[in-house]
Structures are given as structure tokens and as C-alpha cells.
Number of protein chains: 2
Amino acid sequence: MTEKTSLKSLVDQHIQSLNLAEREPVNLYGPIDYILSLKGKRIRPILTMLAYQSVSGDLPQKALNLGSAIELFHNFTLLHDDIMDKAPVRRGKPTVHTIWDNNVAILSGDALFAYSMELVVKEFPNHAAALIQEYTQTCLEVCEGQMEDMDLAENDSATIPQYIQMIRKKTAALLGGCMSMGAIAGNASEDIRIKMKTFGESVGIAFQLQDDLMDAFPPEGFGKQVGGDIIENKKTFLLLKAQEIANPEQKEKIENLLNQKDNPEEKVREMLDIFEVLNIRELTAQLIEEYIQKARELSKELSREIQFEPVAAFLQEIANRKL
Amino acid sequence: MTEKTSLKSLVDQHIQSLNLAEREPVNLYGPIDYILSLKGKRIRPILTMLAYQSVSGDLPQKALNLGSAIELFHNFTLLHDDIMDKAPVRRGKPTVHTIWDNNVAILSGDALFAYSMELVVKEFPNHAAALIQEYTQTCLEVCEGQMEDMDLAENDSATIPQYIQMIRKKTAALLGGCMSMGAIAGNASEDIRIKMKTFGESVGIAFQLQDDLMDAFPPEGFGKQVGGDIIENKKTFLLLKAQEIANPEQKEKIENLLNQKDNPEEKVREMLDIFEVLNIRELTAQLIEEYIQKARELSKELSREIQFEPVAAFLQEIANRKL
């Protein structure tokens, strides 16, 4: 725990030390400094650093720039996603496009992405080509996932495989990329790199499904609004599974609820009733368990070859906080 | 001429062969394929390839991916700039955000930028770190230039040095980047690389000033609307210089014209009259000549050390087409 806390401080300090706030023009770098100073949990850089350590045996801070690059990329995607989603708030604060405007948020995001490239190769010039290749593939998958998410929102016949592919790209690919890039920097074999990447992706899919589940069935004291996804007609696994296994009468009921514009509380309550009858909660938990199980097996295999425990422990800790 | 034409075909074919049109989701890659298929003159990749050849003596096509990367980056900036400028048309065709929408144009641009990274390092893994470092710096300057351009539009006390810095970043930095990255790939000394980069930037500034000049004083048969910049109150060198050297009476006249909303033809005619009286045409031509002269000197120096003539000849050819 203490080690993770100190890695987080290292990342925070390092990002601070890049002095992006002092660059000009201020309309370009101010918004970058703003979103980076909202902090966040820094899961991705810590994961990258631990992945690097697990294969190299080196201190994790040797991959501090590499990890920070991925954190910067993540924040770049938030800047642009928030424009696309017209989101007013991020991490409890107004979004960049709200404080400044869309143009500033587009361009600051572009600059943040550009800046991240150099950090990818800074510590590992000998692995620069392989790191950039993997970085490119990861970034493209994240963009594809965001587009597939927007496509799904418009698609009335969305399927569960489409949904799983979307979250694998939009959310899980970057966790896989952290593992894979940490592995490349640490000189891992191709076999180990792929196992680590698959591990990261499996955990990422499980996390996203868990997010969806908690939106409908929050643990006690969760604090967040219940059923936000239901109110917005978001095509989560829960809804898609319900539509798949519902009988004609239940299907019609779901359809009517999707078309219901007023009385959101009633809408949530009635949708949850259907989920309850169809056992959606357990079906989602089962699918999460499948991905967790896959990650556990990979973790076991990896632990025989490298010092993988700190990586697994870190993700377990995050999962516990979520559950 | 023939060689340049064949290099252009090589670039066109190579970009076609990336098969971006066949990737999914189509809403992400369709717009990318669309903007790349509008072609354009492919000046930047040809310049990169010739720069590479001039230092290495190798065939220019060995830097085909590197050159294409910069062309892809350039098109990414067009996608995003067109959103910011609310531009309906690009290269005679509707812009991406007009055919699709802003979100698609943002995200397709992001993916295009991501894709370009891998092409930067593909042919030169041993120079990957240095290439990415230079690429990052160039991309950041282009973003800074675009922001400074938007800032200048809102700034009633814009100065000529601010304007020159803006065009150096927004337009010239990428030409400098082509030269510099070609030099790195070709294993040039640091001294030669910097001279080549400065050469590219000087030519780029001259080109932009020439563009501004032709907007107000077009050569015969130019075809484009005269005075578009004047109608839009664009802060070009011409306007800023006129404001700088005008007497109080002329200053007031300029101010009134800037506030004039109707009768654009009269506005252009009267502004051109002031430019004529203040000798703005010659003053601009003199400044262009200064940058061209600087480029000529660097070209002479470089020709003593490397095979620089094809690079200089290519840019001369482009300049002739412009003048």
C-alpha cells in the first residue's frame, strides 16, 4: 500500500515537474495543466511502472516517463471525449470545453497527445521503435472503441459481442497497453509480453462490467446516483443481456421503458424489476468472474516466470476498492 | 520535374496501399480515407524524402513511410483546423465535419495522428528516439501556431513579431520538421540538421508571406477572390505593417474599414488604396526577399557539404508556381 501511494506521489510530482503550466501560449497549455492537476488515481502509470519492474527487476521509477506518457494520453482522451459527450463535469470540476471552449479543448488535447510521444521513448531509446509501434496500436484501439461506443448508441440492434469488443477497445486496451509497453521497456520475451497484455485487457473488461453493474446495483454507501445508465438508455451488458433473454412481453416492457421520457425514477425502478426477474445481476457477475478467472490464470503462469505479484496485488487492491 | 512527379505518385500509391479505407469502424476510417484521397500536392513527404536523400545519398523512397507520416500529420491538422475555422470546403470538396459531424472529425483526426506515429519509426528503428523527439517538437509547434493564430484574431494590439512567430510555428515549423527528420533519418551531423531545418523554416515563412501578399495583390489569372483576408479582417503582415506606419488619419481610416460590415468590395478597394499609399506591397516583398535570401545562403553552405541541389530545386519549383 505504502509503495503504491509513493508511486502515485512520484507520478504526480513528475507530471508537475514537466512545467507544462509555464509554457506558451497559455490558452494551449493552461487547459493541459488544468486537467492534469485534477489528478485522478494514476492507475495507468503505476501499472506501467509495476509491469516494467516485474520483468526487469529494476526500480519502477525507471519507467516514470513511460508511465506518465500513458497518463497524458489518457487525459488527452478525456479532453476530447468530454467534448463529444458534452460532459459538463470531470472529476468534480468543470470540463475544459466548458471553462474555455470546444476549439481550445480540441487543440489542447492534440498538443497533450503530441507531448506524450516524446515521453514514451525518453527512457528507452533502444526500444523506441517497438514502444511507438505498441503505443500506436493502443491509441488506435482507444479511438476505435470511442467511435464504436458512439455507433452503439445509435444502433438499435446492438449485440453483446459488439459491446464487449467496444469496452475491450475503449477501456481495456489502454490497461493492456500499459502492461505491454512496460514489458517491452523491461525487455520481456514476446510470450510474456502477450500474456501480460491479455492479463491487462481481461482485468479492464472485468472493471468496466463491474462499473456497469454498480450503476444499476450499487453497493451500500456508494453515493452515486442509481440507474444513470438506465435513464440514459445506455447499451450496457445488463440491458443487452436483458433484451436477449426477455420473453416477448418483457421485451415490449423494456421497449416502452426505453421510450419513456418522463418520470426517470419510475423508469429505473421498473427496469431494475425486469433485471431482477431475468437474473441479470448474477449473469453479469458470472461474466465478470470469467474475465477475472482468465486474469488469475495468466497471473499464475506469469508468476512462475517473472516477479508478477506486485502487479496482481495492485489490481486486486483497485478491484477491492470498487467492489 | 519527372522525378518530382514520380515521387508524388509514389506517395499517393503508398498512402493508398495503407488500406485505411478497409479498416473498421467505418465511421472512424472512412473520413480518414476521404481526406487523404483529396490528395493535395504532397509537398511535405517529397521534401522529407529529398532531405533524406541529400544527406544519405540513398534513394528517396527509402524514407517513404517517414514522409507519409508527415503528410498524415498534416491532414490530421486540416481535419481539426477545419472544425475550429468552421470551414465548409477543403480542396474543393466538403469538409469532414460537414459530411459527418464535429465528433467524427475530432476522433478521426486523433486516429490519423496516432497512425502517423508508427510510420515515423518504421524505416529507421535505430533513429526512432531522435525522430520521435523531433516529431513531438514539430507537432507541438504546429499546435502552438494554430492557437496563436486564434489568439491573434482576438487581439487588437497584435504585433508583427507575434505574427511572424505565429506563421513560423503554424506553417513553417512543419517544413522545418520535414528537413530535420529527413536529416536525422539520413544520419546527418547536428550542424547540417540545424541548417536544413532553418532552411525549411525560412522558406516556409516566405511562402506564407507570399500567400498573404497574393491575397491582396494577386498575379494575373490567379483566379482566387481578391482581398479575402481584408474582408475577414485577418491580421496579416500587410495589415499589421500598415497599422504600424500609418499616420493618425490613415490609422483612423483603417480602423473604420475594420469595423465596416457591409459593402465588402468597397472595403477591399479602400484598404488596397491605403496599402498602395503606404507602399505595403514593396515592404512585404522586401521581407519575403530577406527570408528567401537567408534560405539561399543556407542552401549554398549546405551544397558544399551534401547533395542539396534537388531539395533547393524542388522548393524553387513550388515557389515559381506560387509567384
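B:Ala246 is partly exposed, because 17 other C-beta atoms lie within 10 Å. The cut-offs are these: 20 or more other C-beta atoms within 10 Å of a residue's own means buried, 12 or fewer means exposed, and in between is partly exposed, with C-beta atoms placed from the backbone. Where does B:Ala246 sit? Look in the loop between helix H11 (237-245) and helix H12 (248-259) of chain B. Helices here are DSSP runs of H or I with at least four residues, strands are runs of E with at least two, and both are numbered from the N terminus.

What does B:Ala246 touch, leaving out residues up to four places away in sequence? B:Lys251, B:Ile254 and B:Leu278. Contact means that the C-beta atoms, placed from the backbone, lie within 7 Å.

A word on what you are looking at. This is a predicted model, where local features need pLDDT of at least 70, side-chain atom pairs count only at pLDDT 80 or more, and totals for chains, interfaces and linings use all residues. Residues are numbered from 1 along each chain as its sequence is written, while chains are lettered from A and ligands numbered from 1 in the order in which they are written.

How confident is the predictor? The average pLDDT of chain A is 95, and 97% of its residues score at least 70. That score is the predictor's confidence in each residue, from 0 to 100. For the complex, the predictor gives an ipTM of 0.96 and a pTM of 0.96. One caution: where pLDDT is low, the predicted coordinates should not be read in detail.

Next, the fold of chain A. Count 15 helices and 2 strands. Its radius of gyration is 20 Å, close to the 20 Å from the globule rule for 323 residues, so chain A is as compact as a globular protein of that length. That radius is taken over C-alpha atoms, and the rule is 2.2 Å times the number of residues to the power 0.38. Along the principal axes, the C-alpha atoms of chain A fill a box of roughly 60 × 50 × 35 Å. Of its 323 residues, 49% count as buried. Take the contacts in chain A between residues at least 6 apart in sequence: 71% of them join residues at least 24 apart.

In chain B, its 21 residues should span 30 Å at 1.5 Å a residue, and the end C-alpha atoms are 31 Å apart, which agrees. The expected span is 1.5 Å times one less than the number of residues. Is H6(B) enclosed or open? Largely enclosed by the rest of the structure, because 18 of its 21 residues are buried. H6(A) is mostly covered too, with 18 of 21 residues buried.

On to the interface. How many residues of chain A are in contact with chain B? 33 residues of chain A meet 33 residues of chain B. H2 (26-37), H4 (64-84), H6 and H7 (128-154) of chain A each supply at least two residues of that side. H7(A) gives the most, with 15 residues. By class, the side of chain A that touches chain B has 22 nonpolar, 6 polar and 5 charged residues. Ala, Val, Leu, Ile, Met, Phe, Trp, Tyr, Cys and Pro count as nonpolar, Asp, Glu, Lys and Arg as charged, and the others, Gly among them, as polar.

The same surface serves both copies: 100% of the contact residues of chain A recur in chain B.

Last, some backbone details. The peptide bond from A:Glu24 to A:Pro25 is cis, with omega near 0°. A:Pro25 lies in the loop between H1 (2-17) and H2 of chain A. A:Arg42 is not a glycine, yet its phi is positive, about 60°. A:Arg42 is buried, with 21 other C-beta atoms within 10 Å.

Methods:
Contact = placed C-beta atoms within 7 Å.
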